[in-house]
Amino acid sequence: MHRRPLLVAAALLVPLVGILQGCAPAGSKPEAEFKVNGKVVRGGNPLPLDPAQAAAKAAFVKLEFVRDKGDHKESAFANVDGAYSVKLPKGKYGVQIVHMGPGGDQLQGKFNDRKGKAKIEKDVAGDVADMVIELNDYK
């Protein structure tokens with residue numbers, strides 16, 4: 001009969017321990033994040049996305065921002081106008097881009113180096129209202 005209170009206490013402690021494992025160490029502060037808005041274009045125009053395929057998630061433009069320290073990665077999806085929005089802490093980022101459509105990556109892996117070395121590099125030091133990525137600038 002004395003086991004029941006122990007089981008109840010253990011059942012309550014297990015989720016609490018899991019929550020506390022995700023907490024930052026005492027005294028550490030989370031990094032400030034900055035809002036980055038921009039467009040990804042080629043020749044000044046957004047990458048073409050068929051609206052029906054985009055709605056079905058069969059076509060998309062995905063940007064992946066990887067900080068040069070390797071300690072932060074964030075993804076964003078561009079809309080049919082090429083616009084994207086992402087929140088990033090301060091740093092220098094490599095940007096990988098995939099333009100998925102019928103038959104796979106329409107950019108043929110040119111901006112998605114699987115070895116982690118991005119052709120496109122961008123600095124984030126504060127909020128950015130219009131970070132335009134013109135793919136023709138990175139040949």
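Analyst: The part to look at is Arg 42, which has its place in strand E1, residues 33-42. Helices (H or I, at least four residues) and strands (E, at least two) are DSSP runs, numbered from the N terminus. This is a predicted model, in which local features need pLDDT of at least 70 and side-chain atom pairs count only at pLDDT 80 or more, while totals for chains, interfaces and linings use all residues. Residues are numbered from 1 along each chain as its sequence is written, and side-chain values use heavy atoms, with hydrogens and water left out.

Arg 42 counts as partly exposed because its relative accessibility is 34%. Buried means under 20% relative accessible area, exposed means over 50%, and partly exposed is in between (1.4 Å probe, protein chains only). Of the 139 residues of the chain, 30% count as buried.

Next come the neighbours. Leaving aside residues within four places in sequence, Arg 42 is in contact with Leu 47, Leu 107, Phe 111, Glu 134, Leu 135 and Asn 136; contact means heavy atoms within 4.5 Å. Asp 137 is 95 residues from Arg 42 along the chain, yet their C-alpha atoms are separated by 8.7 Å. In the chain, 64% of the contacts with a separation of 6 or more are between residues 24 or more positions apart.

Arg 42 also belongs to a positive surface patch, together with Lys 110, Lys 119 and Lys 139. Patches are made of residues with over 30% relative accessible area and no salt bridge; like charges are joined within 9 Å, and nonpolar side chains (Val, Leu, Ile, Met, Phe, Trp, Tyr) within 5 Å. Lys and Arg count as positive and Asp and Glu as negative, with His and the chain ends not counted. The place of a charge is taken as NZ of Lys, CZ of Arg, CG of Asp or CD of Glu. Accessible areas come from the Shrake-Rupley method with a 1.4 Å probe, and for residues only the protein chains shown count as cover.

A salt bridge is a side-chain nitrogen of Lys or Arg within 4 Å of a carboxyl oxygen of Asp or Glu. The structure holds two of them. Glu 31 pairs with Arg 67 at 2.8 Å between the closest N and O atoms. Glu 31 lies in the loop between helix H1 (3-21) and E1, and Arg 67 in strand E3 (residues 60-67), so this pair ties together parts 36 residues apart in sequence. Asp 71 also bridges to Arg 67 (2.8 Å, N to O), and Glu 31, Arg 67 and Asp 71 form a network. Arg 67 is buried because its relative accessibility is 2%.
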